[in-house]
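The report below describes one protein model, beginning with a helix and then widening to the fold, a pocket and several single residues. Please read it beside the sequence and the structure.

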Amino acid sequence: MASHRSLVATDFATPSVTLSGVVDYDMYVSFRKQFSAADQELIIVELSTLGGDPEVARMMGEDVRFASELFPNRRCVFLGKAAIYSAGTTFMSFFARENRYLTRGSRLMIHERKLSKKLVIDGPLTSCVATVKATLNEIECSIAIQNEGFQNLVVGSKVTLDEVLQKAPSNWYLEAEKAQELGLIEKVL
């Protein structure tokens, strides 16, 4: 991976993509329209969110990752403003650490995925076992996906995966300056 210069505030004057609000399919449509139209060498993706759908965040992240591989002459940079919670942090994790920036006073929130589901066991015993196994498989797969995101987030930082796994269940909030000190981001603007 090529080394990039550290950016300054003026580099962020006109972001290519600006997103705010809930991370959902409407945000994904807006993201795709703006991201597809961006053809400059420096693509700034600005986000402020209290969270949302982690799978939508992963889709947007995969679009960034894929574009970075297709167009290595382009640099995709994340700028988090105010609140980058939950799915917002998931999305940020798809950007290389050197391409993650936060504005002063911003906060990250890292937590485990949540599940709200009623498990109804009713019917022949073999179908009951299948129902329980299917739910367990869903939980285990979600944990694996969650931990992949946590691993992406901590690459190149002073934070270990074990530390994230310890703090995430109780919603780990980080001020921008602390995120920089821990090496999760490049710089606070």
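Which residues of α1 are buried? They are Met27, Tyr28, Phe31 and Phe35, where buried means under 20% relative accessible area, exposed over 50% and partly exposed in between (1.4 Å probe, protein chains only). These residues cover an arc of only 100° around the axis, which puts them on the same side of α1; the arc is that of the directions from the helix axis to the C-beta atoms. On the other side of α1, the residues Tyr25, Asp26, Lys33 and Ala37 are exposed.

The model is a predicted one, in which local features need pLDDT of at least 70 and side-chain atom pairs count only at pLDDT 80 or more, whereas totals for chains, interfaces and linings use all residues. Residues are numbered from 1 along each chain as its sequence is written, and side-chain values use heavy atoms, with hydrogens and water left out.

**Overall fold**

The protein has six helices and seven strands, and from the N terminus on its elements run β-α-β-α-β-α-β-β-α-α-β-α-β. Helices (H or I, at least four residues) and strands (E, at least two) are DSSP runs, numbered from the N terminus. Taken along the principal axes, the C-alpha atoms of the protein fill a box of roughly 65 × 35 × 30 Å, and 40% of the 189 residues count as buried. Among contacts with a separation of 6 or more, 72% are accounted for by residues 24 or more positions apart, a contact being heavy atoms within 4.5 Å.

**Helices α1 and α2**

Helix α1 (residues 25-37) has 13 residues and reaches 18 Å from its first C-alpha to its last, close to the 18 Å expected at 1.5 Å a residue. The expected span of a helix is 1.5 Å times one less than its number of residues. For the 17 residues of α2 that expectation is 24 Å, and the end C-alpha atoms are 24 Å apart, which agrees.

The buried residues of α2 are Val56, Ala57, Met60, Gly61, Asp63, Val64 and Ala67. They cover an arc of only 150° around the axis, which puts them on the same side of α2. These residues pack against β1, α1, β3 and α3, while the buried residues of α1 pack against β1 (17-20), β2 (42-49), α2, β3 (75-85) and α3.

**The second largest pocket**

Rolling a probe the size of a water molecule over the atoms shows where empty space is left. On a 1 Å grid over the protein atoms alone, a pocket is an open set of points where a 1.4 Å probe fits, with protein on both sides within 12 Å along at least five of seven lines, and lining residues have an atom within 4 Å of a point. Grid points are joined across faces, edges and corners, and a volume is the space filled by probe spheres set on the points.

The second largest pocket has a volume of about 320 Å³. Of the 23 residues that line this pocket, Pro54, Thr90, Arg113, Gln146 and Gly149 are the closest to its centre. At least two lining residues are supplied by each of α2 (54-70), α3, β5 (107-110) and α4 (125-154), and the largest share, seven residues, comes from α4. By class, the lining has eight nonpolar, nine polar and six charged residues; Ala, Val, Leu, Ile, Met, Phe, Trp, Tyr, Cys and Pro count as nonpolar, Asp, Glu, Lys and Arg as charged, and the others, Gly among them, as polar.

**Individual residues**

| Residue | Relative accessibility | Class |
|---|---|---|
| Serine 93 | 5% | buried |
| Cysteine 76 | 6% | buried |
| Serine 86 | 17% | buried |
| Asparagine 171 | 28% | partly exposed |

Serine 93 is found in the loop between α3 (87-92) and β4 (100-102). Not counting residues up to four places away in sequence, serine 93 touches Arg100, Gly149, Asn152 and Leu153. Cysteine 76 lies in strand β3 and, with the same exclusion of residues up to four places away, touches Phe35, Ile43, Val64, Ser68, Phe95 and Asn99.

Most residues other than glycine have a negative phi. Serine 86, in the loop between β3 and α3, has a positive phi near 50°. Asparagine 171, in the loop between α5 (161-167) and β6 (172-175), has a positive phi of about 60° although it is not a glycine.
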